[in-house]
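Hi everyone, thanks for making time this morning.

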Amino acid sequence: MRDLVYTGFMSLDGVVDSPGGTEEGHRSGGWVVNDLEFVPEAWSLKGEELADTTALMFGRRSYEAFAQVWPDSEDHAAYKELPKFVVSSTLPDDDLVDGWGPTTILRSTEDIAALKKSEGGAIFIHGSAELARRLSDAGLIDQYNLLVFPVLLGAGKSVFGRADRAKQMLTLRESQSYSNGILKLVYDVKR
C-alpha cells in the first residue's frame, strides 16, 4: 500500500494560494519569499522529503505550472526521472511534458484509490490545493507535511474543505519552530 503525502506551504489561517508569487490570482502572491528573513534550516523539510519521495502527484493546474519550471531546475533535479501522476478528467495525453520522467494521467478518485493499493513507496502531492482537498475529503491522504508561515492572508485556496463531515484525527509525528516564525508540522492521519 502506498501513502499519499500532501506537502505544502500554508499561512497561519490555512491559505496555500500563490506562495511563490509566480502564480496568478492572489493579491499577496509570494508570501513565502517576501517580507520574511531567510533561515535555511526552516526549509530542511523539503530536502528531507526527497529521501521518501518515490513519485509525484499533481492536479492539472499545478502540473502545468510546475512542468514549465521543474524539468530544467537544479533545485528539482532529483524529481526529474520520478514517476508523475496528473489527476485530470480533461488533460489530453498530448499535453504531457516530454523529458520529465514517466507520467500517467489519472481520471478519477477511484483511479487514485487503486494506485494507493499498488506496490511502491510514498507519493508526494505538491501544490494542487483543490486535488488535496478532494483527496482529504475522500480519506485518501495519509500524511501532511506543512511549513506554516507567520502570515494571515484572509482569503485564498485551502487544502481543507469546509463541508460538514466526520471528524478526522491526526497524530503529530514531528514539529519544529524556526527563528523567522515558520513552523514545521508533520501529521499522520489516524485510521
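Predicted model: local features only at pLDDT ≥ 70, side-chain atom pairs only at ≥ 80, totals over all residues.

Let's begin with Ser128. This residue sits in the loop that links strand S5 (122-126) to helix H4 (129-137). Is Ser128 buried or exposed? Its relative accessibility is 6%, and the cut-off for buried is under 20%, so Ser128 counts as buried. Setting aside residues up to four places away in sequence, Ser128 touches Met57, Phe58, Gly59 and Ser62.

Now on to H4 itself. Its buried residues are Ala129, Leu131, Ala132, Leu135 and Ser136. These five span an arc of only 160° around the axis, so they lie on the same side of H4. And what do the buried residues of H4 pack against? Their partners are S1, S2, S3, H3, S5 and S6.

That brings us to the largest nonpolar core, which has 25 residues. Leu4, Tyr6, Met57, Ile112, Ile125 and Leu135 are the ones that touch the most other members. Several elements supply at least two residues each, including strand S1 (4-11), strand S2 (53-59) and helix H3 (109-116). H4 contributes the most, with four residues.

Let me zoom in on Leu135. Beyond its neighbours within four places in sequence, Leu135 contacts Leu4, Met57, Thr109, Ile112, Ile125, Leu140 and Ile141. A separate core of 16 residues includes Leu56, Phe58, Ala67 and Trp100.

One last stop: after H4 comes Gly139, with a positive phi near 70°. Happy to take questions!

Methods
Residues numbered from 1 in each chain as written. Heavy atoms only, no water. Buried < 20%, exposed > 50% of the residue type's maximum accessible area, 1.4 Å probe, protein only. Contact = heavy atoms within 4.5 Å. Core = buried A, V, L, I, M, F, W, Y, C linked by side-chain atoms within 4.5 Å. Arc of directions from axis to C-beta.
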